[in-house]
Amino acid sequence: MRHAYSVETVRAAEAELMARVPEGALMQRAAAGLAAAVAGLLPRVYGARVVLLVGSGDNGGDALYAGARLARRGAAVATVLLAPDRAHRQGLAAFRKAGGQVAEDPFAVLAVADVVLDGITGIGGHGGLRPDAVPVARAARGSNAMVVAVDLPSGIEADTGEVTGEALRADATVTFGTYKQGLLIDPAREHTGAVRLVDIGLEPHLPSVPDLEALQHTDVAQLLPVPAAESDKYRRGVVGVVAGSARYPGAAVLAVAGALRGGAGAVRYVGPAADAVIARFPEALVHGWPPSRAGRVQAWVVGPGLGDGPGVQEVLDTDVPVLVDADGLRGLDPDAVRARKAPTLLTPHAGEAAALLGVDRKEVEGARLGTVRALAAKYGATVLLKGSTTLVAGPDERTPVRVNPTGTSWLATAGSGDVLSGLAGSLLAAGLAPLDAASVAAYLHGLAARLASHDAPVAAHDVATAIPRAWRDARTP
């Protein structure tokens with residue numbers, strides 16, 4: 001599991017650690033890790049041309065000390081001081097002593113650089129890059145150099161993942177002590193490149209419960225429900241699906257596909273697309289209206305392709321976990337959801353989330369972490385917010401928000417959300433808690449899309465077909 005923390009938590013942990021170690025030791029640990037990471041990215045250190053972009057804070061100090069280490073190994077290191085009077089004094093002295101040069105012409109050194117270290121702003125930066133830093137940042141990005149962010153790319157919001165002004169896009173980020181929330185959430189994540197974590201001894205001073213977490217293969221493997229020798233379809237989980245319409249019968253087919261490929265013992269389908277469902281999946285059990293006559297289920301999925309058809313309230317009135325997606329979210333009553341005794345999982349995309357909160361879609365896309373928390377609080381439900389980084393939040397604000405690391409832009413295709421709904425519904429029916437069901441489903445969904453696409457166009461039914469392969473891969477050490 002990858003853990004991330006808020007800026008406030010990180011600062012408190014750093015203060016506690018700094019009180020226990022010699023002065024400057026923490027910065028030296030960070031600089032050593034940064035220099036080693038940069039050295040690993042270069043074909044050779046000796047003779048490499050390295051440029052530091054240095055602001056006024058400790059982030060610039062980390063860059064200066066790392067630059068000094070690289071200079072002592074034979075690199076030609078120059079620094080661009082964006083606030084010369086406020087540069088880290090000891091770091092600058094060490095840099096000069098090691099043979100580092102202060103650039104007189106920033107654009108000249110950037111034009112020939114092999115690597116640029118972005119040490120302009122740190123975790124305390126807000127509102128994007130300052131105007132005087134913008135030309136230099138653009139020159140760095142426009143050069144042929146590899147840009148390496150120090151702790152996080154300058155201009156992004158460390159706490160939220162928002163990008164409210166101009167930010168420097170890195171090829172790699174070397175972060176210290178722990179992940180910061182903004183490194184894992186878009187749109188900021190698009191600026192980080194590959195992220196490497198350097199241990200500086202901070203972990204023992206961080207809370208045991210993080211603010212944000214991301215599942216890895218081993219976590220998913222532990223959560224996946226695997227049938228035992230005496231399992232039957234009810235022990236594996238029976239999921240009911242209310243989806244599809246005369247206009248969108250394919251949504252029902254895809255939701256059922258996701259549920260069956262996701263390991264459901266059986267799928268009971270209720271809706272107007274019964275002929276399409278049974279033609280594609282003869283193992284599906286089709287039933288007439290209403291859902292209450294469908295027989296025993298352990299979870300319901302309602303909404304994909306439903307149009308203006310009925311079904312949402314009838315399913316919400318049941319006493320089993322319910323997943324509400326797509327058309328089922330339209331006009332959803334928060335009081336009706338909060339009144340349920342069984343868990344509810346909502347799976348909106350950005351547009352649907354905006355409608356549920358009464359805000360503009362751009363606000364959702366720019367502030368994904370705040371949005372998913374607000375939705376979970378408003379509806380008293382677990383919320384899976386789909387998008388470039390899928391986030392999952394539970395109704396208890398003390399529970400860490402989960403971010404999915406396997407997403408891919410190839411999932412931006414019609415019907416992929418219907419597959420995800422069926423997949424998550426099957427995991428709910430198998431007994432996983434909503435937070436786990438949603439997180440594991442998002443992980444497998446993204447992994448399946450990667451396996452199916454191989455960086456080429458992929459359709460939703462291809463994603464559904466690849467789910468068993470993703471399942472197997474996630475269980476493979």
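Is D455 buried or exposed? At 67% relative accessibility, D455 counts as exposed, where exposed means over 50% relative accessible area, buried under 20% and partly exposed in between (1.4 Å probe, protein chains only).

## Basis of the model

This is a predicted model, in which local features need pLDDT of at least 70, side-chain atom pairs count only at pLDDT 80 or more, and totals for chains, interfaces and linings use all residues. Residues are numbered from 1 along each chain as its sequence is written, and side-chain values use heavy atoms, with hydrogens and water left out.

Helices (H or I, at least four residues) and strands (E, at least two) are DSSP runs, numbered from the N terminus. Contact means heavy atoms within 4.5 Å.

## The loop between α17 and α18

D455 is found in the loop between α17 and α18, and H454 lies in that loop too. H454 is exposed, with a relative accessible area of 59%. Most residues other than glycine have a negative phi, and most peptide bonds are trans. H454 is not a glycine, yet its phi is positive, about 50 degrees. D455, also not a glycine, has a positive phi of about 60 degrees.

## Helices α17 and α18

Two packed helices are described by the angle between their axes and the distance between the axes. Axes here are lines fitted to C-alpha atoms, for helices over the stretch in contact, and angles run from 0 to 180 degrees between N-to-C directions. Helix α17 (residues 434-453) packs with α18 at an angle of about 110 degrees, their axes being 7 Å apart. That makes α17 roughly perpendicular to α18; angles of 65 to 115 degrees count as roughly perpendicular, under 35 as roughly parallel, over 145 as roughly antiparallel and the rest as oblique.

On the α17 side the contact includes L444, H445 and L447, and on the α18 side it includes D462, V463 and W471. The residues of this contact divide into twelve nonpolar, one polar and three charged. For these classes, Ala, Val, Leu, Ile, Met, Phe, Trp, Tyr, Cys and Pro count as nonpolar, Asp, Glu, Lys and Arg as charged, and the others, Gly among them, as polar.

## Helix α9 and what covers it

Helix α9 covers residues 249-261, and at 1.5 Å a residue its 13 residues should span 18 Å; the end C-alpha atoms are 19 Å apart, which agrees. The expected span is 1.5 Å times one less than the number of residues. Ten of the 13 residues of α9 are buried, so the helix is largely enclosed by the rest of the structure. Among the buried residues are A251, V253, L254 and G258. The elements covering them include strands β11 (238-242) and β12 (266-270), together with helices α10 (274-280), α16 (416-429) and α18 (460-474).

The axes of α9 and α18 come within 8 Å and cross at roughly 10 degrees. That makes α9 roughly parallel to α18. L254, A257, G258 and R261 of α9 make this contact with A460, H461, A464, T465, I467 and P468 of α18. P468 counts as partly exposed at 33% relative accessibility. The C-alpha atom of P468 is separated by 8.5 Å from that of G263, although the two residues are 205 apart along the chain. G263 follows α9 and has a positive phi, near 100 degrees.

Helices α9 and α16 pack at an angle of about 40 degrees, with axes 6 Å apart. That makes α9 oblique to α16. From α9, the residues A251, L254, A255, G258 and A259 meet D418, V419, G422, L423 and S426 in α16. By class, this contact has six nonpolar, three polar and one charged residues.

D418 is also one of the contacts of D325, as are G417 and S421. D325 sits in strand β15 (residues 322-325) and counts as buried at 1% relative accessibility. Leaving aside neighbours within four places in sequence, its contacts also include E352 and K386.

## Cis peptide bonds

The D186 to P187 peptide bond is cis, with omega near 5 degrees; P187 is in the loop between β8 (179-180) and β9. W289 and P290 are likewise joined by a cis peptide bond, with omega about 5 degrees. P290 is in the loop between β13 (285-287) and β14 (299-302).
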